[in-house]
Amino acid sequence: MMIVSFLSHRLEDQTKKLHKDMKKSTEADLAMSKAAVKISTDLLSNPLCEQDQAFLESMTALDTAMKRMDAFNQEKVNQIQKTVIDPLKKYSGIFPSLNMAVKRREQALQDYKRLQAKVEKYEDKEKTGPIMVKLHQAREELRPVREDFEAKNKQLLDEMPKFYHSRIDYFQPSFEALIRAQVAYFTEMYNIFNDLTEQIDQAGLTDEQREKETEAKLNELRALSIVADD
Amino acid sequence: MEVPPRPQPPTLLLPLDRPMMPDLLHDHTQLDDLFSPEDDDFFVGSDESSDLLDCNSSVLNMSICSQDSFIELKEQSDEVQRKSEEEKSQEIQAQRQNLALQELLESERNYLRMLQLSSGFIRENLLKIQPPLVNVDCLFEHLPEVVSVTSRLLDSVDQDQLQPRDPNFLQNFCNAFLSLSSDMEMAYKEYLSNYNQVTTWEVNCKQKEALWDQVVKVLKSSAPELKASSLSFFLVMPVQRIARYPLLLQTILKHTDPSHPAYALLEKTAHTSVNINCRINEYKRIREFREVANKYKKTETLSIKDMINRLNTHSIFKKTARLSQQIKHETGIVPKLVDEEFDALEGFFYLLEKCILELLENVETYLSHLQAFLSYKTEEFDLYMDAQREAVCYKEITTALRQWILPTFEKRLRALIHKPLCALRDLLVGPRNLIRKRLDKLLDYELIEAKSNLSYEEQAAANTYKTMNTLLLTELPRFNTVSLQLIWRLLGTFSCLHRDLASDMTQLFQTFATQLPHSGMSSSAFWDWAEAAVMEGMRKLQDLCQTVEEALSAPVSMPVHPCWALRYHQLCQKHPQERIFEATCGVVGSRDLDLSLIKGELVAVVSERDSKGDRRRWLVDAGGKRGYAPASKLRQYQAPPAEGPPPPSPQPNRADTKLEGRHLSKSLDRRPSPLSLSPLSPSASPSSPVIPVKPRAPPLSPAMPIFQVVAAYPFTARGHREVSLGAGEPVRVLEPHDKKGNPEWSLVQTQGGQSGYVPSNYLTTVPQMSYLRPYP
């Protein structure tokens, strides 16, 4: 019983932590996607875009891509909510009841022990009339308590291991769903951004080349007299 | 740049033989007049030409003879005339070229002389003036280089020791010029860029009359024939000279025959001299712009003290004038000087600024959320299901995502997008300040624009405005364009980074694709299955939960403690059952209206909050007394239910309901042991037995159990007022106190009809049992 209870505690902690992390990371994920959409929306709403037709087309494409990604992200989060976060919460919710049951069993055990001790005390004494009466009374008290305890104990010993073992089957669909949701999302992301990159980016540049190009442009700006050079 | 009015150049012309030589420097068209017949005697020709003329006339004479040969001869003579003319013109040309070349050389020599005079005599003597002149030496700073270049040019010409007439002379000269051209450019560039110091210095110096007189004295003594009256007279010479080279060279070129061997070279030299001038001007302009720009483009962070220190009448006047001009604009009193081109550029710049700042902010938000995402490590859990495939896969995927895929993405994002954006944002400062300053200067300019005669300061202010305006008009378009291109590029990179992220992830998934059981399912089928499975799991969990709760929260059926039976009875009459509570431990009332309770005491809850709304203090009825008791010490009292299966309650139970029946038969067999006769106070009876009983449905009222008082112990009457009781004997309580009101003794009547006093604590209340005859 002790072992089961101990394992149950560990499981409880881990489930709680996983639930919390899942929730928080999903929130951050949503926030990230929204921030990306804001990037493109703000750009598009700036009249700067209207100055150059090609630039406007690029910004529109970027905006469309971001919004689509956000929609997919939302869908992914919804799926995860239903198949992972809710089950996790439910699972965590069992523990209070279980813990309470364990406590009550404990209390029953204490009562049982107490009364048992009382009975034994009377049994050890001389068998006088009053003692016998008391002994009898004590035994009468003891019986229901013992039976109660035994019932509780049995229940728990039956149910808890079952519960503990059930976690594997319980969580299996959740994890698979998690992975599947991400696969779908990233596949979409790849398609969308592949197309977008072809449209608005130069092909085949390495990071060093990009940095060089950026630096060259910045230097060109710095060379102007109107730019402050510190 | 303000160039002081050109002083009359000293006559550097050659003293010529022929007084009627036109001024070559100023009026080239006059050369064309050379063919007018009046200038016959100008022809510095050889005897050849005059011979030709004589020939001509003699031929003419001869032609009188025959008519026929006249035309022929005429033609011949025309031809000869043409030839002679051609030769004449050639000769003239050569003459002119020679003149021009000599002009150049002579002027160069003179120029060098002047330069040497300036950098030597004048400089030394100016330095000797007491009190010492301020900053005079730096005026001469760049002069030595100019001197050296000029002297080198002349040296290389003299070296060859050729005569000007020699065709090679021209060639050598050109070569010398070309080889020195870059040095010349350098020297003159610096000199010219710093020239305006001379003007400023002079203006300042003239204000101090005494000093100025001394300066003039020095100047006059240096070259008396020149009658120089200002220092700039000398120091302006390089400025004039460099501009003159193209003119001089082009004159020579004009008079050089294209068939001359040095023609091409000469052409090149002329072009070079022009280019030198262009480049020097460009350099000067940029330097000027930079000076003005440097003054205004930095954001000054001044403390209030500094700003106050800066205030003086001049600055206050200036700023007030600007403000008033601006107000006039706004109210329409004065028309604004609108420059549409500039306004368009300015508008674009402000849009660009907004774009950059917004973009930077958004990117930073994005990055912060990314970091938050990375911090919640959902892969670090251990549900002790190590072998479970899906969990393992998930862990590995998520670990990869958080350990290297996303960090790479973040790093690239920062390096390729965030950093350049920050740099770009920093570059915005300069133009922004300059645009603002330009507006200030514009306001100043508008005020003085209409004036015809501008003071020196006003001229300077007007020039500053114009310079700034030009500078901004030239450079802002470039700034705007390049910045926009840069932003465009960055956005392209942004897209590329996302694609790379997605590609990394999809590659990662490939390795796990086969391991997942339902990976073959289509998307919709999978989600249906997943949701169903999850629902099923949750339902099972719910069942388990219910089972546990039901089984383990069996109802509590607590027997009434004999002490409180009466109390219970009382309370039940006035309050509903569910409001009956039991004190779980002793309570000591500390405040005015607080009650003190004993452990196990029964009370009825009247209100679950006190008068101030505190939910932890409940108003309870303790059988007559009312007061407050802490809610935490109260527990719902569940009386043994009147009928049927007991309602579930969250209280810890003492006995299972089904077991209670057995007690009933046993309870009557018990015979409580005799206790000491000393009456114990009703409140302290710790050893009174608890009789767990389960009442059957009493005939009278199901909600309220009927109680029967029985004797818990046998009691032997000691006197006639008392009555003997056997244990378990039901009695009827006549009076729960004796004659004096002492509650320790009760007047009871036994079933046998005897009545008398018995100790109250020997009595106990039990719920009525059907096989006990209720005492009538």
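This is a predicted model: local features need pLDDT of at least 70, side-chain atom pairs count only at pLDDT 80 or more; totals for chains, interfaces and linings use all residues.
## Chain A and chain B: a quick briefing

Within chain A, 78% of the contacts with a separation of 6 or more are between residues 24 or more positions apart. Chain B brings 18 helices and 10 strands. Where the two chains meet, 113 residues of chain B are in contact with 105 residues of chain A.

**Chain A on its own**

- Read from the N terminus, the elements of chain A go α-α-α-α.
- Chain A has 230 residues, and 50% of them count as buried.
- Its accessible surface is about 11000 Å², with 54% of that belonging to carbon and sulfur atoms.

**Chain B on its own**

- Chain B runs to 776 residues, of which 43% are buried.
- If you take the contacts in chain B between residues at least 6 apart in sequence, 69% of them join residues at least 24 apart.

**The interface as a whole**

- Between them, chain B and chain A bury about 10600 Å², and 70% of this buried area is on carbon and sulfur atoms.
- The salt-bridge rule picks out four salt bridges across the interface of chain B and chain A.
- One to look up is the salt bridge of A:Asp207 with B:Arg412, where the closest N and O atoms sit 2.9 Å apart.
- Counting residue pairs in polar contact between chain B and chain A (both at pLDDT 80 or more) gives 16.
- On the side of chain B that touches chain A, at least two residues each come from helix H9 (263–296), helix H12 (340–375), helix H13 (389–427), helix H14 (429–449), helix H15 (456–512), helix H16 (523–552) and helix H18 (657–667).
- The top contributor to that side of chain B is H15(B), which gives 27 residues.
- Sorted by class, the side of chain B that touches chain A holds 65 nonpolar, 25 polar and 23 charged residues.

**Zooming in on B:Ser495**

- You'll find B:Ser495 in helix H15 of chain B, the helix that gives the most residues to the side touching chain A.
- B:Ser495 counts as buried because its relative accessibility is 0%, and the cut-off for buried is under 20%.
- The side chains of B:Ser495 and A:Thr197 are joined by a polar contact of 2.8 Å.
- Setting aside its neighbours within four places in sequence, B:Ser495 is in contact with A:Phe193, A:Leu196, A:Thr197 and A:Ile200.

**Zooming in on B:Cys355**

- B:Cys355 belongs to helix H12 of chain B, one of the helices with at least two residues on the side that touches chain A.
- With a relative accessibility of 3%, B:Cys355 also falls in the buried class.
- Once neighbours within four places in sequence are left out, the contacts of B:Cys355 are A:Leu43, A:Asn46, A:Leu48 and B:Ile487.
- B:Cys355 and B:Ile487 are 132 residues apart along the chain, yet their C-alpha atoms are separated by 9.2 Å.

Key:
Residues are numbered from 1 along each chain as its sequence is written. Chains are lettered from A and ligands numbered from 1 in the order in which they are written. Side-chain values use heavy atoms; hydrogens and water are left out. Contact means heavy atoms within 4.5 Å. Buried area is the accessible area (1.4 Å probe) that two parts lose on being put together, summed over both. A salt bridge is a side-chain nitrogen of Lys or Arg within 4 Å of a carboxyl oxygen of Asp or Glu. A polar contact is a pair of N or O atoms within 3.5 Å; within protein, one must be able to donate a hydrogen and the other to accept it, and residues adjacent in sequence count only if both atoms are side-chain atoms. Helices (H or I, at least four residues) and strands (E, at least two) are DSSP runs, numbered from the N terminus. Ala, Val, Leu, Ile, Met, Phe, Trp, Tyr, Cys and Pro count as nonpolar, Asp, Glu, Lys and Arg as charged, and the others, Gly among them, as polar. Buried means under 20% relative accessible area, exposed over 50%, partly exposed in between (1.4 Å probe, protein chains only). Accessible areas come from the Shrake-Rupley method with a 1.4 Å probe; for residues, only the protein chains shown count as cover.
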